[in-house]
Each structure stands twice: as structure tokens, then as C-alpha cells.
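Please look at the sequence and the 3D structure below.

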Amino acid sequence: MPLTDSLRDDILASVPSLRAFAISLSGSGDRADDLVQETLLRAIANIDSFQPGSNLPAWLFTILRNLFRSDYRKRRREVEDADGNYANTLQTQPAQGAHLEFKEFRAALDKLPQDQREALILVGASGFSYEDAAAICGCAVGTIKSRVNRARSKLSALLYVDGEEFGPDDTVCAVIGGNGG
């Protein structure tokens, strides 16, 4: 339905009632004016959805109420902090322990000789069999087993796996194969 002069006049005639309703909802004249303005913009933008002969004020009031409720839900999640006092009281929680453990693991992994690190990553982290890892590295299966065993032992020592740093159920222990075995 196009916006006719008659429909435009009927919409404008509803503005005082819309404003009164908006004030009763929001409790603020400024906020009410914003709600009415947004209601009118939406009504004009969606005038094709208005059914001629139906109750125009009811349609406008429904738009206004829905706008208010949507805005209320959004504002309920927001915190008014114009002078920044609330923001100054916020603190950042410390990083998760797993992030620090992974960083320590990466540092310890970097301390391994290249051949041991490569073998451990292929077998422990990538899930290749000893045979496949040996084929990838171009060496004997026994050599890969030896490299993985030495890498696990060294990582266990570097990370204190048997001590307090990591327990046998940690992800790092799963990657290196437990307590050095």
C-alpha cells in the first residue's frame, strides 16, 4: 500500500498518543521522542505490511512497543558508565593454566634435538605409526623408536612430569606418551 496523504495525516494524528505511550514506557521525554521517531520511520518503511481498513493506531503502538522491548533487552545488558568509574574497577582474569602449560611445553620441545623433535611430533602428536614415521624420515623403525623414547624422556625431565608441574592425565603427557615410557 502506498503512503497516501490521508494515511500520512492519520499517522501524524497518532503522534501525541504515541508520545504519551512512549513516555509511560520509558519514563523519559527524550527517550520517548526517539522511540516515536523510530516508530514512524519503521512504519513508513514497512507501510506495505499495513492492512487498509485495520486499526492504524494499534499497528503503530505495536511497532513502538516492540521497539521499546527490543531496546530494553539490549540496554539491560549494557552498563551506564559515562565517567568511566565502573570500567576502572574491572579486572582481567589470569590466563588459563593450559595456555601457560602449552607455552612451557613448546619451549621444552624446542630444546630437543631436531631429529628427536621430528620423531616425537610424527608419532606422538600426528599419530603416525613407527613404521610410517620411519618412512617419512627415511630411517629404520628402530631409530624412530629410539628417538621417540629419548625425546619423551627428555621432555619428561624438562617438564617435571613426575613432579608437581604436570600429572599423568595432562594433555602434554598424552602427547609425549606418559611418564617417559
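Predicted model: local features only at pLDDT ≥ 70, side-chain atom pairs only at ≥ 80, totals over all residues.

Residues are numbered from 1 along each chain as its sequence is written, and side-chain values use heavy atoms, without hydrogens and water.

Helix H7 covers residues 114-125 and helix H8 residues 130-137; their axes lie 9 Å apart at an angle of about 140°. H7 is therefore oblique to H8 (under 35 degrees is roughly parallel, over 145 roughly antiparallel, 65 to 115 roughly perpendicular, the rest oblique). Glu118, Leu122 and Val123 of H7 touch Tyr130, Ala133, Ile136 and Cys137 of H8, where contact means heavy atoms within 4.5 Å.

A second pair is H2 (residues 15-26) and H4 (residues 56-76), with axes that come within 11 Å and cross at roughly 25°. H2 and H4 are therefore roughly parallel to each other, and the crossing of H2 past H4 is right-handed. On the H2 side the contact includes Phe21 and Leu25, and on the H4 side Phe61 and Phe68.

H2 itself has twelve residues and spans 16 Å from first to last C-alpha, close to the 16 Å expected at 1.5 Å a residue (1.5 Å times one less than the number of residues). After H2 comes Gly27, with a positive phi near 75°.

Terms used
Axes fitted to C-alpha atoms, helices over the stretch in contact; angles between N-to-C directions. Helix = DSSP H or I, 4+ residues; strand = E, 2+ residues; numbered from the N terminus. Left-handed = near helix turned anticlockwise from the far one by under 90°.
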